[in-house]
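Good morning, and thank you for coming.

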Amino acid sequence: MAPRFQLKSNVKSIECELHCPVCKEIVKQPVVLPCQHSVCLMCASEVLVQNGYPPPELPPEPNSPASTPNTRSPRQARRPMPSKADHRPIDRVLRSGFGTYPSPGRRRKEPPPPAMLFPCPPCGREVELGEKGLTDCLRNLTLERIVERYRHTVSLGSVAVMCQFCKPPQSLEATKGCADCQASFCNECFKLYHPWGTPRAQHEHVQPTLNFRPKVLSCPEHDQERLHFYCRTCQRLLCPLCKLRRVHAGHKVAPVAQAYQTLKDKITKEMNYILSNQETVLGQISQLESATTQTEANSVAAREQLSQSVRDLTALLAERHAALSQALEGARQRRGEALAGQVAERRSLLEHAGLMAFSQELLKETDPPCFVQAARQTHSRHFQLDVSKELKLLTDLQFIQAPLAPVIDTQKTLAYDQLFLCWRLPQESAPAWHFSVEFRRRGVVPGGGARGGIQGRLAAARWGWQRLEEVGGTSAVIDRLEMDSVYVLRVRGCNKAGFGEYSEEVYLHTPPAPVLNFYLDSRWGLHADRLVVSKEQRCARSVPGLSLMQAADRALTSCHLTADLLVGDVAITQGRHYWACSVEPGSYLVKVGVGLEAKLQDWFHLPQDMASPRYDPDSGHDSGAEDSLESPPSFSFLTMGMGKIFLPQAPNHHNNHGCNGTNPRRSPTIANGNSPASSPTGLTYPLPPRLGVCLDFEKGRVTFYDAHSLRPLWEGPVDCSGPVCPAFFFIGGGALQLQELVANRMADQTPVRRVTIQSRVTNLNN
């Protein structure tokens with residue numbers, strides 16, 4: 001079975017496998033040890049002699065020109081020379097232990113001689129050779145053939161093989177070799193020693209060589225017996241006679257042809273596996289070499305970078321050293337000047353030593369008038385204390401002052417789901433370490449007005465001031481407040497000097513119902529060419545584009561061509577809810593309100609003509625005769641645009657604008673101020689900054705507020721027989737922004753959306 005892959009390396013690369021582990025040279029006449037390692041026969045005999053064993057009998061080397069005194073191998077000189085006694089066969093057998101029978105004179109009950117132990121260098125342990133020593137070791141003929149091919153490849157055998165039978169000096173180069181005679185001949189000698197018609201003429205002739213091998217392996221114990229079997233248990237070749245021994249009874253013995261095929265297939269398979277992965281290994285070697293090259297390059301670059309960094313650090317240290325030296329010199333000069341001034345001052349005190357001596361003599365005067373006259377003059381001239389510097393320091397001394405009263409920012413302060421209070425300090429105020437926020441609830445009447453007199457004072461006493469201490473910033477959030485209540489708030493700063501003055505009190509009205517948090521929904525789809533919803537789904541903008549221009553080109557009488565609808569992502573089925581939004585003052589027309597979810601969905605899929613006299617979005621329903629006079633409208637909206645808000649009136653004789661006979665309530669506070677522009681159908685007021693909507697589902701009422709002051713603007717009925725949704729209409733260009741929760745505004749990041757859809761009423765007729 002030939003291998004599928006050809007080995008890419010040549011024969012020269014196997015030299016390391018051909019070395020003898022003892023002499024480290026190419027093996028010569030190798031024998032196989034029981035551990036399956038091969039060593040030179042001569043090296044093995046030398047090792048045994050060094051270990052105290054008698055020298056074994058070695059076969060003579062072939063007589064060839066390579067073994068002449070000039071070219072003889074150095075190992076041939078180390079060959080142990082047998083003594084004269086070794087020429088006797090019986091002595092040689094007794095000394096080497098090669099015989100199969102006991103020595104003469106040895107009794108049968110005596111134990112056999114100890115087996116020879118050979119120290120194998122590759123194994124690192126002693127291998128038992130048996131009683132016969134190296135005689136039991138077979139020659140490795142395959143390794144000899146490989147060595148011969150290797151020598152021929154690398155030209156180690158370039159020395160001509162001379163004929164062994166020509167007499168010098170007329171020796172000719174050998175041209176043939178005889179495997180049976182184990183000698184090399186020239187043409188004439190070959191014909192002379194192998195005459196035609198004789199048995200020698202049938203000898204096998206081979207190429208001339210210096211190392212002849214036997215044709216086949218024969219059993220070392222039984223001459224002329226070929227090795228036809230292989231014992232897998234002992235891992236030894238056996239002849240038919242060895243197979244019959246008790247030693248191999250029960251062993252796994254197979255024909256040598258079968259063992260040959262099995263081992264050859266196994267080695268071929270392993271070779272194929274190795275060769276199949278050779279490309280991968282070579283690629284990995286290339287990658288590793290590239291990595292090594294890159295590592296060297298990176299090392300050079302890193303070394304250069306390190307050198308540059310060291311140079312930069314050295315320059316920086318030198319610069320820093322110069323700066324510190326200069327600063328140290330400046331400090332030394334300043335300190336020296338200060339000390340010099342003090343020394344001069346002290347020396348000036350010593351200059352009055354004469355005055356002190358004069359004063360001592362003056363004290364000896366006993367005449368009072370004379371003493372007073374001289375002492376007064378001396379005191380006025382020399383004993384005056386100069387305190388001008390100290391007076392200047394005391395005059396310029398300033399003490400820390402408490403912060404001034406903060407100024408509350410009414411534009412940013414609001415009451416929604418929580419109270420958000422924002423303030424600032426005046427520019428001339430001292431800084432504050434922290435602030436104290438105080439708030440209390442005022443008593444309110446059901447109509448929303450503040451109580452006065454004794455009731456107001458009692459409510460104030462009941463709801464005393466509550467504080468938020470040590471507020472670090474210029475804003476604060478107050479939660480857990482009562483709904484539909486008025487709260488009074490004030491703030492003051494504090495620093496090392498103590499608390500400052502209170503700010504002016506500000507009044508905030510909390511929403512009349514729990515705040516409903518929702519987002520703009522596009523589950524029914526929207527006109528993407530006219531409506532744009534922000535990523536947070538809290539802002540929407542209507543942009544009249546090319547489609548509106550094309551529609552206007554086909555219309556001559558209508559000024560409102562489209563009405564785009566947006567709804568909230570919640571449906572209300574119970575309770576009271578409040579929300580707020582702001583409309584951009586530059587918007588054309590925007591309608592804000594509520595409506596039945598089913599009706600809004602029908603209107604979205606079948607939009608009505610905005611110019612039709614039968615449709616009025618403010619009344620919330622179609623004014624056809626088929627509608628009942630007692631049913632509330634399905635929609636309720638307020639219209640805003642161009643900086644104004646339109647509040648419809650409710651005349652009893654017009655059902656289109658009277659919401660089917662029920663009188664909507666309009667705030668008298670709004671109606672009586674700001675000089676509203678009246679019309680037969682309603683009043684127009686300035687657009688408030690924020691518009692609040694409160695829906696009472698159980699009562700079927702919706703109320704619109706000025707979200708800034710929480711004053712009611714308009715109130716009307718709405719059909720609550722089904723789920724009701726916040727809704728918004730855009731006519732023309734405009735923008736709308738939903739009021740963001742204070743809790744979300746104050747959070748560091750936008751919280752995860754958590755919207756609870758109210759449970760729908762199972763039986764709408766009930």
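Let me begin with a nonpolar surface patch of about 540 Å², which is made by Val387, Leu391, Leu394, Leu397 and Phe399. Patches here consist of residues with over 30% relative accessible area and no salt bridge, with like charges joined within 9 Å and nonpolar side chains (Val, Leu, Ile, Met, Phe, Trp, Tyr) within 5 Å. A salt bridge, in turn, is a side-chain nitrogen of Lys or Arg within 4 Å of a carboxyl oxygen of Asp or Glu. Accessible areas come from the Shrake-Rupley method with a 1.4 Å probe, and for residues only the protein chains shown count as cover.

Helices (H or I, at least four residues) and strands (E, at least two) are DSSP runs, numbered from the N terminus. Leu394 counts as exposed because its relative accessibility is 61%. The terms are these: buried is under 20% relative accessible area, exposed is over 50%, and partly exposed lies in between, with a 1.4 Å probe and protein chains only.

I must state the basis of all this. The model is predicted, so local features need pLDDT of at least 70 and side-chain atom pairs count only at pLDDT 80 or more, while totals for chains, interfaces and linings use all residues. Residues are numbered from 1 along each chain as its sequence is written, and side-chain values use heavy atoms, with hydrogens and water left out.

Now the chain as a whole. The chain holds 16 helices and 37 strands, and 34% of its 766 residues count as buried. A contact means heavy atoms within 4.5 Å; among contacts between residues at least 6 apart in sequence, 65% join residues at least 24 apart.

Which residues of the largest nonpolar core touch the most other members? Of its 50 residues, they are Tyr578, Trp579, Val592, Ile645, Leu695, Phe728 and Leu736. Strand S24, residues 576–583, gives the largest share of this core, 5 residues. A second, separate core has 25 residues, including Leu18, Val39, Cys40 and Leu41. By nonpolar core I mean a set of buried Ala, Val, Leu, Ile, Met, Phe, Trp, Tyr and Cys residues joined through side-chain atoms within 4.5 Å. Leaving aside residues up to four places away in sequence, Val592 has among its contacts Phe637, Leu691, Phe704, Phe728 and Leu736.

Leu41 also brings us to helix H1, residues 41–50. Of the 10 residues in H1, 8 are buried, so this helix is largely enclosed by the rest of the structure. Among the buried residues of H1 are Met42, Ser45 and Glu46. Just after H1, Gly52 takes a positive phi of about 95 degrees.

Next, the strands. An open sheet of 3 strands has the order S6-S5-S7, with antiparallel pairing. Its edge strands are S6 (183–185) and S7 (205–206), each pairing on one side only. Two strands pair if DSSP finds at least two bridges between them; S5, residues 176–178, meets S6 over 3 bridges, and Lys176 stands opposite Phe185.

Elsewhere, strand S13 (residues 419–424) runs antiparallel to S16, with 4 bridges joining them. In a regular strand the side chains alternate between the two faces of the sheet. In S16, residues 475–478, Ala476 and Ile478 form the covered face, whereas Ser475 and Val477 form the uncovered one.

Finally, the charged pairs. How many salt bridges are there? The count comes to 10. Arg541 forms one with Glu584, the closest N and O atoms being 3.1 Å apart. Arg541 lies in strand S22 (residues 539–542) and Glu584 in the loop between S24 and strand S25 (589–596), so the pair ties together parts 43 residues apart in sequence.

Arg576 and Asp696 meet in another, at 3.6 Å, N to O. This pair links distant parts of the chain, Arg576 in S24 and Asp696 in strand S33 (residues 691–696), 120 residues apart. Is Asp696 buried or exposed? Asp696 is buried, with a relative accessible area of 10%, whereas Arg576 is partly exposed at 36%. Lastly, salt bridges that share partners join Glu438, Arg467, Arg490 and Glu505 into one network.
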